[in-house]
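Morning, everyone. I'd like to take a few minutes on charged side-chain pairs. Here's the model.

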Amino acid sequence: MNAPQHLATPTPLQIARELATGFALSAAERDAQGGTPKAERDAIRQSGLLSLVIPGEYGGLGADWQTTLAVVREFARVDSSLAHVFAFQHLMLATVRLFSRPEQWQPWFELTARNRWFWGNALNPLDTRTTVRRFNGYREFSGKKSFCSGALDSQMLIASGLDEESGKLLIAAIPTARSGISLAEDWDNMGQRQTDSGSATFERVRVEENELLLEPGPLSTPFACLRPLIAQLVFSNIFLGIAEGAFEEARAYTLREARPWFRSGVESAGEDPYVLARYGDFWVGLESARALIQRANQLLDAAWNQGTALGEAQRGELALAIATAKVATTRNGLDLCNRMFEVTGARSTHAALRLDRYWRNLRTQTLHDPVDYKVRELGDWALNQNLPQPTFYS
């Protein structure tokens, strides 16, 4: 008898594709329902993918950013809400890695990998309603935060507030279940309906000094300034994933259900010259966006691997690459998700299909911060050779 062959361990992308196949079955229905996709979040927990970027020595999978963002895109093709909360998991992990001391982020990484923690977001630096008061040996956070993506059903939160004395932005990593934290189920927007991006209220929430991310702190060094760039690249990969999902859905419907226009002189929609022209436009847009995303993902890994040796010039070049990718994925994605109905026809607008969710999700997510300001940054570089200045959005 032949010796039994051991099955190869599946790669993160293979795991993600299997999960995405299941998520796709209920995506349209869950889009209608809104709320927390608890079963799907638990499936991601059980998969082990929550520790994708955590290095192996801390119990994680040790993946690079290219792999992590490929998984984000895989989810976004079928369910951009799940892609959003999954991507924010790794953005929050990057936040503690970049803003805090090793004796802080290393235990958090180990606990996340061991206990399969989800991290939620309550940072939103533009929402200044949360203030921080200093006491002997600890701080208190009080106020509200909006757009708290993934906060519900999380175990840890990244939260921010303004110091009452100095006005400085303070960021902390705290347990979601801590006394005084209330998460409202008040997210009911037209898109990204299962991201739980509602509001949080902090009522004299005690935050210990070792939970504050002070060293090196936010946006303090070129390496720490990777955090906003990771956020922007996360969005860009989600945008591309949505567009790719819309393209595949439209293609399947065109070949299966669409009819040629009576004046076309052809037997099938797949032969209609105007339908073919639209798909040609879609393809050029997608291929352009894919190339820009691939380049930006690779440059992020190169910058990340530099660690604290990262310089301002390399960080600035990465910012330009990510801004370029974001503009392309925004414009091409919105165009495709709008014009897909020109190649699928009137019957594809049936409410049960919910094909409009691709446009709704993309339109909602692309409003996170104005893409016009990315174009302005790129113009300032193209004309004046000025690199983008680090902010929480660039």
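**Salt bridges across the chain**

So, the record first: the unreviewed UniProt entry annotates residues 25-113 as "domain: Acyl-CoA dehydrogenase/oxidase N-terminal" (positions are in the numbering used here, feature names are shortened, and annotations may be inferred rather than shown by experiment). That span is 71% helix and 0% strand, and its end C-alpha atoms sit 28 Å apart.

Quick housekeeping. This is a predicted model, where local features need pLDDT of at least 70 and side-chain atom pairs pLDDT 80 or more, while totals for chains, interfaces and linings use all residues. Numbering runs from 1 along each chain as its sequence is written, and side-chain values use heavy atoms, without hydrogens or water.

How many salt bridges do we get, counting a side-chain nitrogen of Lys or Arg within 4 Å of a carboxyl oxygen of Asp or Glu? The count is 33.

Take Arg30 and Glu40, which pair at 3.4 Å, N to O. Arg30 is in helix H1 (residues 12-33) and Glu40 in helix H2 (residues 38-47), so the bridge ties together parts 10 residues apart in sequence. Helices here are DSSP runs of H or I, at least four residues; strands are E, at least two, all numbered from the N terminus. Arg30 is buried at 5% relative accessible area, and Glu40 is buried at 14% (buried is under 20%, exposed over 50%, partly exposed in between, with a 1.4 Å probe and protein chains only).

H2 also carries Lys38, bridged to Asp153 at 2.8 Å. Asp153 lies in the loop between strands S3 (138-145) and S4 (156-163), so this pair ties together parts 115 residues apart. Asp153 is buried at 18%, whereas Lys38 is partly exposed at 38%.
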